[in-house]
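Reader: I'm new to this and would like to learn how to read a structure. Could you walk me through it?

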Amino acid sequence: MSGNIQLLSDTLAAARSEGRAALIAYLPAGFPTVDGGIDAVKAVFDGGADVVEVGLPHSDPVLDGPVIQTADDIALKGGVKIADVMRTVREAYEATGKPVLVMTYWNPIDRYGVERFTAELAAAGGAGCILPDLPVQESDEWRQHAEKHGLATVFVVAPSSKDDRLAKITAVGSGFVYAASLMGVTGTRQSVGAQAQDLVRRTRATTELPVCVGLGVSDAAQAAEVASFADGVIVGSAFVKLMLDAPDREAGVMAVRALAADLAEGVRKR
């Protein structure tokens with residue numbers, strides 16, 4: 001079975017044709033439980049997210065700040081497995097018909113087996129993977145299997161990336177480019193401005209791929225700010241914090257649906 005890279009590309013192109021940025025949400029699998037995580041992913045789609053990244057919880061998530069680390073710890077203590085991540089992708093895709101990616105560090109894929117992982121992700125209806133710690137120069141095996149199975153390979157660029165480095169990364173990526181708006185770990189910020197805008201400008205000079213900005217967006221005003229210069233707005237910690245703070249699963253699901261609706265309105269105000 002082929003994965004859904006084309007669905008991802010079509011979704012981002014459709015947002016652009018509407019004169020707006022796409023809203024991309026992140027939620028970790030298995031948090032607060034596997035079923036609760038699936039409900040949360042469906043809820044952000046219901047609220048207006050165009051794409052969802054499902055996080056594969058990791059014991060040492062070097063890019064992620066304390067909010068996502070806490071959620072990952074809860075998921076891992078609950079016994080989440082890669083099979084649960086695949087189930088989350090499958091049920092979210094089957095319920096919505098919208099693109100679902102996995103965001104993961106490289107080690108779990110390496111241990112699981114690249115061919116096995118890509119085949120299972122494609123069979124689940126996944127659109128691809130975001131791989132924040134896989135160096136481009138070591139990505140040949142992954143990219144071969146991903147391409148064979150119709151999956152996007154999304155690499156992360158940062159403000160510290162030099163122009164020649166950006167060109168090397170974007171030349172081999174697919175789906176979109178994940179632009180980390182600030183140096184450091186994930187988390188909501190008071191401002192997500194000038195550094196991100198410059199990074200988007202420099203990245204666009206190297207590629208026709210959509211450039212989507214993550215790290216820091218937490219409300220509609222910030223979403224509108226990023227939407228004014230990026231092809232997609234990526235929001236993670238703000239959703240996860242609502243789930244952490246909610247008194248129960250149902251309240252958490254309602255809260256993330258409401259935030260998605262607010263952010264979806266924001267990306268249309270650009």
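Author: Let's begin with pairing. Two strands count as paired if DSSP finds at least two bridges between them. Keep in mind that this is a predicted model.

Reader: Okay, which residue is the bridge partner of cysteine 212 in β9?

Author: That's glycine 232. Two bridges join β8 (residues 211-214) to β9 (residues 232-235), and these strands run parallel.

Reader: And how many bridges join β7 to β8?

Author: Four, and β7 (residues 177-180) and β8 run parallel too. One of the pairs is valine 177 with valine 211 in β8.

Reader: How does the chain get from β8 to β9?

Author: Look for a helix in the unit. Here β8, helix α10 (residues 220-227) and β9 make a right-handed β-α-β unit.

Reader: Are the faces of β8 covered or open?

Author: A residue is called buried when its relative accessible area is under 20%. In β8, both faces are covered: Val211 and Val213 are buried on one side, Cys212 and Gly214 on the other.

Reader: Now the core. Which residues touch the most other members?

Author: The largest nonpolar core has 92 residues, and Val44, Phe117, Trp142, Phe176, Tyr178, Val233 and Phe239 touch the most other members. Helix α12 (residues 249-267) gives the largest share of this core, seven residues.

Reader: What is valine 233 in contact with?

Author: Leaving aside neighbours within four places in sequence, its contacts include Ala21, Ile24, Val213, Val226 and Val267.

Reader: How do I read a helix that packs against other parts?

Author: An α-helix has 3.6 residues a turn, so residues three or four places apart point the same way. Now take helix α11 (residues 237-245), where Ser237, Ala238, Phe239, Val240 and Met243 are buried. The buried residues of α11 pack against β1 (22-28), α2 (34-47), α3, β9 and α12.

Reader: Is histidine 58 buried or exposed?

Author: Histidine 58 counts as buried because its relative accessible area is 15%, and the cut-off is under 20%. You'll find histidine 58 in the loop between β2 (51-55) and α3 (66-77). Not counting residues up to four places away in sequence, histidine 58 touches Asp72, Leu76, Tyr105, Asn107 and Pro108.

Reader: Last one: how do I look for empty space?

Author: Rolling a probe the size of a water molecule over the atoms shows where empty space is left. This structure holds three cavities of 30 Å³ or more.

Methods:
Residues are numbered from 1 along each chain as its sequence is written. This is a predicted model: local features need pLDDT of at least 70, side-chain atom pairs count only at pLDDT 80 or more; totals for chains, interfaces and linings use all residues. Side-chain values use heavy atoms; hydrogens and water are left out. A nonpolar core is a set of buried Ala, Val, Leu, Ile, Met, Phe, Trp, Tyr and Cys residues joined through side-chain atoms within 4.5 Å. Buried means under 20% relative accessible area, exposed over 50%, partly exposed in between (1.4 Å probe, protein chains only). Contact means heavy atoms within 4.5 Å. A crossover is right-handed if, with the strands pointing away from the viewer, the path from the first strand over the helix to the second runs clockwise. On a 1 Å grid over the protein atoms alone, a cavity is a set of points where a 1.4 Å probe fits but cannot get out, and a pocket is an open set with protein on both sides within 12 Å along at least five of seven lines; lining residues have an atom within 4 Å of a point. Grid points are joined across faces, edges and corners, and a volume is the space filled by probe spheres set on the points.
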